[in-house]
Amino acid sequence: IQVYVKGQLEKKPIFTGGIPLEISPNETSVSQNMYFTASGFGLHGGSVGKNYSFNIEIKDDNGNPIDANIQKLIVEVSQAQKRAYATVQRLGTGKFKAEFVPFGPGDIIISVIYGTQTVIETTVTYNATVDPSQSSILDPIRNALVGQQNTFNIQCRSSTGEDLNSGGEKFDVACSGPSGGITGLAVRDQLNGKYTVRFTFQKPGTYKFFITLKGAEISGSPLEIDAR
């Protein structure tokens, strides 16, 4: 996801939208537009109970980074009557990182404010904490061909069995079987609560996949597959 919003920064005494935008000695004084973009995993949503972050970039009309004043850059996180502020740190000229912890499950409004102007605002959905015992293999395969890429999918669920629809979890997948018999084992986050496990068998035999999340096995693990 990328949010693209155009703000204004102009030399005094010119006002924009009735709001005076002051220039501090640490800012670049320009008579052109400031372009704010935000991107990163924190704007995709996820499960509550952990930190999320996203990056903010500020550029001028020519695409050059603007050395903006970090003291005027505020990231507000709100949900219902709750409100908090993300931690903002400078990554480089015109580049910043915002980090926050969601209050709880539901829609959270993330607002990027520069000075007194809201330059970016978006709503992100965060789910209940994932429960490994409720998460499971969606399409367990039992047989596979040697030399062909194979896949199976994992669905994240909450403690009540509700399907979660965002990513960010870290699954550990280990496989036992013939020595050197498997290559390309990887887990891909689909960013919708589902994760795809990819692999290729190089030797025939029986393999077992052990899938864990936060140190606990998910439902359906270990998964046994015969390769031919």
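Residues are classed as buried under 20% relative accessible area, as exposed over 50% and as partly exposed in between (1.4 Å probe, protein chains only). The model is predicted, so that local features need pLDDT of at least 70 and side-chain atom pairs count only at pLDDT 80 or more, while totals for chains, interfaces and linings use all residues. Residues are numbered from 1 along each chain as its sequence is written, and side-chain values use heavy atoms, with hydrogens and water left out.

Cys175, at 27% relative accessibility, counts as partly exposed, whereas Cys156, at 1%, counts as buried. With a disulfide taken as a pair of cysteine sulfur atoms within 2.5 Å, the count comes to 0 disulfides.

Strands are DSSP runs of E of at least two residues, numbered from the N terminus, and two strands pair if DSSP finds at least two bridges between them.

Strand S4 (residues 33–39) is largely enclosed by the rest of the structure, because 6 of its 7 residues are buried. S4 pairs with strand S6 (residues 52–59) in the antiparallel sense over 5 bridges, and the bridge partner of Ala38 in S6 is Ile56.

Rings of Phe, Tyr and Trp (its six-membered ring) pair if their centres lie within 6.5 Å; planes under 30 degrees apart count as stacked, over 60 as edge-to-face and the rest as tilted. The count comes to 12 aromatic pairs. One of them, Phe152 with Phe209, is edge-to-face at 5.7 Å centre to centre, with 80° between the planes. This pair links distant parts of the chain, Phe152 lying in strand S15 and Phe209 in strand S19 (residues 205–213), 57 residues apart. Both Phe152 and Phe209 are buried. One aromatic cluster is formed by Phe41, Tyr52, Phe54, Phe100 and Tyr126.

Asp60 is found in the loop between S6 and strand S7 (73–79). Asp60 is buried yet has no salt bridge (a side-chain nitrogen of Lys or Arg within 4 Å of a carboxyl oxygen of Asp or Glu); the nearest side chain of opposite charge, Lys59, is 8.6 Å away. Lys and Arg count as positive and Asp and Glu as negative, while His and the chain ends are not counted. The side chain of Asp60 reaches the backbone nitrogen of Asn64 at 2.8 Å.

Notes: Helices (H or I, at least four residues) and strands (E, at least two) are DSSP runs, numbered from the N terminus. A polar contact is a pair of N or O atoms within 3.5 Å; within protein, one must be able to donate a hydrogen and the other to accept it, and residues adjacent in sequence count only if both atoms are side-chain atoms.
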